[in-house]
Amino acid sequence: MPNTGLKSQLCGGLMLLLLSPFAVAHPPGSDLSVDSLERLLQKQDKVAWQLAAALQATHEGEPRFDYLYALAARQAGQLHQAVFALERAVQSVPQAADLRILLGVTYFELGNLPAAEQEFLALQQARLPERETELVQSYLSRISKVRDPSQGYWQNWLQLSSGSDSNPNSGIDDEFVFVPLLGQVRLFAQNLEQRSSFQEVQAQLNYVLPRNQHSAFYASAGWLNSNYRHDAVYSRSYLSVLAGYQSRWRSMQWSAEIFYRPVELDSNSYLDYQGIKTAVSRDFGESISMGLDLTWADFAYANLPTLDKQQWLLESWMAVQAGAAEHRLMLRYGQESSDLQRSEFNSRDIRGVGYRWLQPLTAQWHSSLQLDYSMGDYQDIHPLFAAERQDRYLRAELEFTYTISAQWRLLTSLSHLRNTSNLALYQYRRNRAWVGVRYAF
């Protein structure tokens with residue numbers, strides 16, 4: 001959220017913290033493994049995060065270890081893990097200014113400006129050495145420039161990308177399909193597999209209005225436009241607008257939002273997708289989180305009323321932090337009900353499972369892998385094929401991100417999508433690859 005206006009101050013501040021008396025103090029009987037962790041951090045060795053994670057079970061709650069664990073987590077890009085450790089350490093040693101400074105810095109980098117401001121204002125009243133005092137003042141100045149605490153703040157980005165898509169229309173590879181009532185039917189070009197290169201422009205505007213340290217209103221607007229070189233492929237535009245509220249109650253986090261996501265094909269209205277989503281989650285220690293998301297949505301097609309439907313979808317998930325990596329397992333169940341009784345063959349039950357892996361490779365490189373598999377069993381006989389449709393959908397995506405600065409990122413993605421169906425018209429394969437650049441402002 002905040003940019004690098006204080007990049008030089010931040011780097012200097014972190015070196016100051018790393019070399020502070022608290023960080024390098026060796027109490028009597030100091031554990032050699034914790035000493036090793038400190039030496040790795042001073043060398044900026046990437047192994048430090050793995051060692052910190054391995055020592056967590058036996059040393060969690062020790063202020064010195066929690067401090068070093070937070071430094072290792074920050075070095076690995078795990079800011080949320082750093083906050084948990086620093087909050088625990090500050091409770092144990094509230095008078096340690098270096099802990100509070102690093103906690104404030106980490107809050108700031110996570111975009112939690114009210115919490116960061118609270119820490120820095122408390123430090124402003126303490127008697128600190130000159131360098132620490134300058135660092136605290138610089139962050140307070142930066143917070144006041146980023147936003148007025150009573151007015152909220154913005155988080156925005158613009159992305160340009162280019163790539164290749166083996167089947168953007170999700171068409172089949174056979175020109176003819178056998179329909180029991182009609183025999184062999186020849187398909188239009190738009191229904192066939194068409195390879196094409198593409199260019200995309202994507203923008204995202206996010207506004208956050210904090211109410212306190214744990215609650216905030218938020219709103220978002222996003223736009224994506226994809227243009228394809230092949231004439232038989234529709235250009236498409238996606239708009240997303242949402243607004244919601246998120247808060248924390250005891251150990252639970254929850255949110256509720258409304259959204260509207262229309263789709264255009266070749267500048268003509270195609271689909272209006274709108275609904276409500278609620279979510280609740282809870283942390284179990286520092287390594288495990290679990291949650292439930294419930295969505296209700298309405299699909300309204302501009303020129304295809306037989307496809308109009310309503311959907312509800314329940315997703316449960318569990319996230320596990322293992323070393324520097326995060327693993328998330330998702331289970332889904334939902335139903336889609338056609339608005340028209342004569343189109344009941346489009347109603348279906350949905351069951352699915354998903355997995356996501358996030359891993360920082362270096363301080364600049366991050367990777368993610370997402371796998372999704374779902375089953376759609378339709379509830380009535382399809383009028384053209386005289387059979388109940390059964391689909392199985394697989395999606396796999398691998399993405400790499402290189403952080404140039406707080407504003408600039410390079411991204412690349414490879415994805416594979418496959419839908420298998422007992423009805424030939426709905427079978428397709430799709431491979432997609434792209435590279436892009438993102439600017440945050």
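Trainee: Where in the chain is Asn212 found?

Mentor: Asn212 is found in the loop between strand E4 (196–210) and strand E5 (216–228). Strands (E, at least two residues) and helices (H or I, at least four) are DSSP runs numbered from the N terminus. This is a predicted model, in which local features need pLDDT of at least 70 and side-chain atom pairs count only at pLDDT 80 or more, while totals for chains, interfaces and linings use all residues. Residues are numbered from 1 along each chain as its sequence is written, and side-chain values use heavy atoms, with hydrogens and water left out.

Trainee: Why is Asn212 called partly exposed?

Mentor: Its relative accessible area is 42%. Buried means under 20%, exposed over 50%, and partly exposed in between (1.4 Å probe, protein chains only). The value for Asn212 is 42%, so Asn212 counts as partly exposed.

Trainee: How far apart are Asn212 and Leu37?

Mentor: They are 175 residues apart in sequence and 36 Å apart in space, C-alpha to C-alpha.

Trainee: What makes Ser170 partly exposed, and where is Ser170 found?

Mentor: Ser170 has a relative accessibility of 28% and therefore counts as partly exposed. Its place is the loop between strand E1 (153–165) and strand E2 (176–179).

Trainee: Is Ala386 buried or exposed, and how do you know?

Mentor: The relative accessible area of Ala386 is 56%, so Ala386 is exposed. Ala386 lies in the loop between strand E13 (365–382) and strand E14 (387–403), and its phi is near 55°, also positive in a residue other than glycine.

Trainee: What makes Leu68 count as buried?

Mentor: Leu68 has a relative accessibility of 1%, so it counts as buried. Leu68 lies in helix H5. Between Leu68 and Trp49 there are 9.6 Å in space, C-alpha to C-alpha, and the two are 19 residues apart in sequence.

Trainee: Why is Gln56 called buried, and what does Gln56 touch?

Mentor: With a relative accessible area of 11%, Gln56 is therefore buried. Gln56 belongs to helix H4. Not counting residues up to four places away in sequence, Gln56 touches Phe65, Tyr69, Glu286 and Ser287, where contact means heavy atoms within 4.5 Å.

Trainee: How many residues are in the largest nonpolar core?

Mentor: The largest nonpolar core has 47 residues, and those with the most contacts inside it are Leu37, Trp49, Leu99 and Phe120. Such a core is a set of buried Ala, Val, Leu, Ile, Met, Phe, Trp, Tyr and Cys residues joined through side-chain atoms within 4.5 Å. Two or more residues each come from helices H3 (32–42), H4 (47–59), H5, H6 (79–92), H7, H8 (113–124) and H9 (130–146). H5 gives the largest share, eight residues.

Trainee: What does Leu37 touch?

Mentor: Not counting residues up to four places away in sequence, Leu37 touches Ala48, Leu51, Ala52, Leu55, Phe65, Leu68 and Tyr69.

Trainee: What makes H5 roughly parallel to H7?

Mentor: The axes of H5 (residues 63–75) and H7 (residues 97–110) come within 11 Å and cross at roughly 30°. That angle makes H5 roughly parallel to H7. Angles under 35 degrees count as roughly parallel, over 145 as roughly antiparallel, 65 to 115 as roughly perpendicular and the rest as oblique. Axes are lines fitted to C-alpha atoms, for helices over the stretch in contact, with angles from 0 to 180 degrees between N-to-C directions. Tyr67, Leu71 and Arg74 of H5 make the contact with Asp98, Leu99, Leu102, Val105, Thr106 and Glu109 of H7.

Trainee: Why is H6 called roughly antiparallel to H7?

Mentor: The axes of H6 and H7 cross at roughly 150° and come within 9 Å. That angle makes H6 roughly antiparallel to H7. Among the residues of this contact are Leu79 and His80 of H6 and Leu99 and Arg100 of H7.

Trainee: How much of the whole chain is made up of buried residues?

Mentor: Buried residues make up 43% of the 441 residues in the chain. The secondary structure comes to nine helices and 16 strands, and the C-alpha atoms fill a box of roughly 85 × 40 × 40 Å, taken along the principal axes.
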